[in-house]
Amino acid sequence: MAMRAAVTKKCSLPALLSQLSQSTHGKVYASPVASHWRNKSTSSKITVDLDRNAGVAVMRMQSPPVNSLSLDFLTELCISIEKLEMDKGCRGLIITSSLPKVFSAGLDIMEMYGKSPESCGVFWKAVQEMWLKVYSSNMVTIAAINGSSPAGGCLMSLACDYRIMADNPRYSIGLNETQLGIVAPFWFKDTMTNTVGHRTTEIALALGLLYSPSEALNIGLVDQLVAEDQLMTTAMETMTKWLTIPDHARQITKSMMRKPTIDKLTSSREADIQNFVSFITKDSIQKSLHMYLEMLKKRKG
């Protein structure tokens, strides 16, 4: 998680998220309002370059200082993915960062600290939507992890089909929520369990572990390590291999593997939101967040 304040568009974002969440995950349709909002965005936190010859888009996160997942950021990301899903010329998506040393530092704490229950609920719905969009995408999705990726950043990469990480011992990745006094919800847990197994997930979540690239490869949290200057080349080469598989066969297989996990959240989204709001607004949790923010201030000082 990271400390980064969001400039919340209160009049438009909840409505946009409502429209986005009405999409059938895995079969996404257009949202005219969402397209209009994206075109009107004054400061893009996401850039997307689509190579129509290859059928592959590269999405670069560019929200300094650490690509924290604010409400604005999550909404723009979801809209960008939705547009790509609608584009028949796009079969694959590589997600990476334009910022040095960080993929994404995770959920924006300022979206959860000192906020009303209503604001926290809108934010959590956006987090859900990000995961659903990536985890159920019809496209081949590859995370090119070119920096540290704790908490929500780790979740985003886990939602992809394949993870390639830069082999830099200074980088780390993992679901470290418990270190901040926060509990990863069931769908975070299920996503990690599906990737590395039950016992490894239990230990990782209980201790809030962050893994070095070599440790992450050893437990299967990432699929491949490469030199940082070879990351995007390797991601494109890997994408080419995945795209040799007929789309219908790959998509049906992906759905078969992931649908139970997706259905578990979609059938209980409102309850999950209420659980999050009830938890995050507790005095004890707000105190933990305050202490973490103070620690960050001291580090900067």
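Buried means under 20% relative accessible area, exposed over 50% and partly exposed in between (1.4 Å probe, protein chains only). This is a predicted model, in which local features need pLDDT of at least 70, side-chain atom pairs count only at pLDDT 80 or more, and totals for chains, interfaces and linings use all residues. Residues are numbered from 1 along each chain as its sequence is written, and side-chain values use heavy atoms, with hydrogens and water left out.

**View A. Trp124 and Phe276 form a stacked ring pair.** Rings of Phe, Tyr and Trp (its six-membered ring) pair if their centres lie within 6.5 Å; planes under 30 degrees apart count as stacked, over 60 as edge-to-face and the rest as tilted. Seven aromatic pairs come out of this rule. Here the ring centres of Trp124 and Phe276 are 3.9 Å apart, with planes at 10°. Trp124 sits in helix H4 and Phe276 in helix H11, 152 residues apart; helices (H or I, at least four residues) and strands (E, at least two) are DSSP runs, numbered from the N terminus. Phe276 is buried at 8% relative accessibility, and Trp124 is buried at 4%.

**View B. Trp131 and Trp187 make a tilted pair.** Their ring centres are 5.5 Å apart and their planes at 55°. Both Trp131 and Trp187 are buried, at 0%.

**View C. Asp161 meets Lys254 through a polar contact.** The two side chains come to 3.0 Å; such a contact is a pair of N or O atoms within 3.5 Å, where within protein one must be able to donate a hydrogen and the other to accept it, and residues adjacent in sequence count only if both atoms are side-chain atoms. Asp161 lies in the loop between helix H5 and strand S7 and is buried at 14%.
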